[in-house]
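Please view the sequence and the model together.

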Amino acid sequence: MQTQLQDQNSQVQTEQARQNAIGSEVALTQKQLAVLQSQVDSTNTQISNKEKEIAAAQQQIDQDYTLLKQRLRAMYVSGDDSFLIVLLNSNGVSDFLNRVEIVKAVSDHDNRIIDELRAEQAQLDADKKVLDQAQQELLQEQGTMAAKQDILNAQLAQQTQTVAQVQANASNTQQSISAVTQQAAKTDAQINTEIAAEAAAAKKAAAQKAAQQTAAQSAASVPSHSGGSSGSTQAGTGSTSSASQSGSGTASGPVATAPPGGFGTAAYVINYAETFVGYPYVFGTAGPDTFDCSGYVQWVFAKAAGIGLTHSAAEQSQSSLGTSVSRNDLQPGDLVFFNVDGSGIDHVGIYIGGGRMVNAENSSVGVTYDSVTSSYWSSRFACARRFLN
């Protein structure tokens, strides 16, 4: 479950990075749209100015045409042939030619003004056409950029929902881990209570057994008062001893035979641990019917050695109740720790000698034997710790 939480937290970071990238692209697009809008506004201003200039030039042309038409109309109505009279009233050839040049200059002046106005209007029209084309291109680019921004905004909204979902998943997993941790803490407290109760019961039973043995020894050492021969005395003594032993056997009921070495020894712990081979694996449990790896070690050491360990492989590997040992110095009863998924110590087993361990491996096989020297476990070996003398 810790691995699942790590994966979900990593996914949260990935999705948040993607969200930030989309947000940055949206911000950049907004800046580009602002620049385009400024260019469109500037172009519109230029177009407006050109239209004013074109209107002014057209107005000037219209005025000149109007004046010319009025002058021609007046000359026609009045029969004025002033140009001809000017020429005929000349004094000699030289004066005539001068007058011709003056008439021509006046006519050319009128024509030049009209041509210049027409050329200016044509240039203004061309400039306006260029500005109109630029305006269309800017508007088209502005539309494309606006469409892109709409798409990015939709992606950002979707990404925000994705981030919220993966964060919710991570939060749910964290809550589940907290619940399991709380349950494990309760189990630890129950185990410690059971350890204390069993220790008290064992102490009481030991006291009762010592009292029975003392009584039996006292009965065996009392001399016979039957007055018979030495042989009968010995027989009586033997009979008394036998009766005493029989009584001690029934006074406290049948007592289970302890494994070699007695309570708290490596032999006792290993013998007790092996009685659970075949029991099912369930994550977060520590007995009596199901175990995970650290819960199994916690239960066995509490019941068989009176050692209270936490329900965590990583914490057990650092427990001050034990001492660190190297792989080459392993002894039966040592705890061996492994890094299975690469994120730190996450598995523990009880070394039983001969390169083997007993451990709550996984939900497929439950509590079982494994070879510490196999390629799988050897490559994942992290450390070992000794808690038994």
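## Strands and a buried leucine

Strand E3 (residues 347–353) runs antiparallel to strand E4 (residues 356–362), and three bridges join them. Strands pair here if DSSP finds at least two bridges between them. Strands (E, at least two residues) are DSSP runs, numbered from the N terminus.

This is a predicted model: local features need pLDDT of at least 70, side-chain atom pairs count only at pLDDT 80 or more, and totals for chains, interfaces and linings use all residues. Residues are numbered from 1 along each chain as its sequence is written, and side-chain values use heavy atoms, with hydrogens and water left out.

Gly 353 stands opposite Arg 356 of E4. Two residues lie between the strands of the E3 and E4 hairpin, where Gly 354 has a positive phi near 65 degrees. E4 also pairs with strand E5 (residues 366–371) in the antiparallel sense. Asn 359 faces Thr 368 of E5.

| Strand pair | Bridges | Residues between strands |
|---|---|---|
| E3 and E4 | three bridges | two residues |
| E4 and E5 | six bridges | three residues |

Now to strand E2 (residues 335–338), which holds Leu 335. Is Leu 335 buried or exposed? Leu 335 counts as buried because its relative accessibility is 0%. Buried means under 20% relative accessible area (1.4 Å probe, protein chains only).

Leu 335 touches residues including Val 297, Phe 301, Val 348, Ile 350 and Phe 387, leaving aside those up to four places away in sequence. Contact means heavy atoms within 4.5 Å. Leu 335 and Val 358 are 23 residues apart along the chain, with 10.0 Å between their C-alpha atoms.

Definitions and conventions
Helices (H or I, at least four residues) and strands (E, at least two) are DSSP runs, numbered from the N terminus. Buried means under 20% relative accessible area, exposed over 50%, partly exposed in between (1.4 Å probe, protein chains only).
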